[in-house]
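Reader: Hi! Could you walk me through this model when you have a minute?
Author: Happy to, here it is.

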Amino acid sequence: MAHLIRSSNASAPCRLEWRPSRWVVVGVGLLGVLAAFSVVVSGMPRLFAWPLALLAVSYAVWLVRRECKRQAHQLVWPIEGAPLLDGLALEDAQLHWRGPLAFLRWRDGDGRRRHLAWWPDTLPSRSRRELRLAAASIAGTRRSASMAP
């Protein structure tokens, strides 16, 4: 019986989908409710507390709706070259990690800073590893200037 050897294609680009995180949506909604509750139970006069609580809940609802309406994006991180987001090259792309969270920052065509964040519910561990390896290959090719002449 022949053994199958699985080989990976080291030159294959990393392809990921970004979509809004349900954890963020739930967290923002919960923070809005807790903010309203804390204002109501504080020592603030009721005349000001109830409108402020309503404002906190309304703002949380607006943020939740805005987050839910965000479009999904396709990220392609090639082994060589700039990463592509929805087919457009990202200038000055940097990937930062905070535990299982991944943060991508870049400049758009107008020079404005943009960012995306992957939460554990949107980036499974296998994809997380693939993204780490793709970003490390780019970071390894960049040469920083030496301090000594």
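Below, we go through the chain by topic.

Reader: Before we start, what kind of model is it, and how are residues numbered?
Author: This is a predicted model, in which local features need pLDDT of at least 70, side-chain atom pairs count only at pLDDT 80 or more, and totals for chains, interfaces and linings use all residues. Residues are numbered from 1 along each chain as its sequence is written, and side-chain values use heavy atoms, with hydrogens and water left out.

Reader: Great. How many helices and strands are in the chain?
Author: The chain has three helices and seven strands. Helices here are DSSP runs of H or I with at least four residues, strands are runs of E with at least two, and both are numbered from the N terminus.

Reader: And what pattern does the chain follow along the sequence?
Author: Along the sequence, the pattern reads β-α-α-β-β-β-β-β-β-α.

Reader: How much of the chain counts as buried?
Author: Of its 149 residues, 30% count as buried. Buried means under 20% relative accessible area, exposed means over 50%, and partly exposed is in between, using a 1.4 Å probe and protein chains only.

Reader: Let's do the helices. How do α1 and α2 cross?
Author: The axes of α1 (residues 22–41) and α2 (residues 46–68) come within 8 Å and cross at roughly 175°. Axes are lines fitted to C-alpha atoms, for helices over the stretch in contact, with angles from 0 to 180 degrees between N-to-C directions.

Reader: Parallel or antiparallel, then?
Author: Helices α1 and α2 are roughly antiparallel. Angles over 145 degrees count that way, under 35 as roughly parallel, 65 to 115 as roughly perpendicular, and the rest as oblique.

Reader: Nice. Which residues meet there?
Author: On the α1 side they include Val24, Val25, Val28, Gly29 and Gly32, and among those in α2 are Ala49, Trp50, Leu52, Ala53 and Glu67. By class, the contact of α1 with α2 has 18 nonpolar, two polar and two charged residues. For those classes, Ala, Val, Leu, Ile, Met, Phe, Trp, Tyr, Cys and Pro count as nonpolar, Asp, Glu, Lys and Arg as charged, and the others, Gly among them, as polar.

Reader: Switching topic: how many aromatic pairs does the structure hold?
Author: The structure holds one aromatic pair. The ring centres of Tyr59 and Trp62 are 5.8 Å apart and the planes are at 20°, so the pair is stacked. Rings of Phe, Tyr and Trp (its six-membered ring) pair if their centres lie within 6.5 Å, and planes under 30 degrees apart count as stacked, over 60 as edge-to-face and the rest as tilted.

Reader: Where do Tyr59 and Trp62 lie?
Author: Both lie in helix α2, three residues apart, about one turn of the helix. Trp62 is partly exposed at 46% relative accessibility.

Reader: And what lies over the face of Trp97?
Author: Arg132 does, at 4.0 Å from the ring centre. A charge sits over a ring if NZ of Lys or CZ of Arg is within 6 Å of the ring centre and within 35 degrees of the ring normal.

Reader: Now the backbone. What is the phi of Asp86?
Author: Asp86 has a positive phi of about 55° although it is not a glycine. Asp86 lies in the loop between β3 (84–85) and β4 (88–89), and is partly exposed at 43%.

Reader: And Asp92, what phi does that have?
Author: Phi of Asp92 is near 55°, a positive value in a residue other than glycine. Asp92 lies in strand β5 (residues 91–98).

Conventions. Contact = heavy atoms within 4.5 Å.
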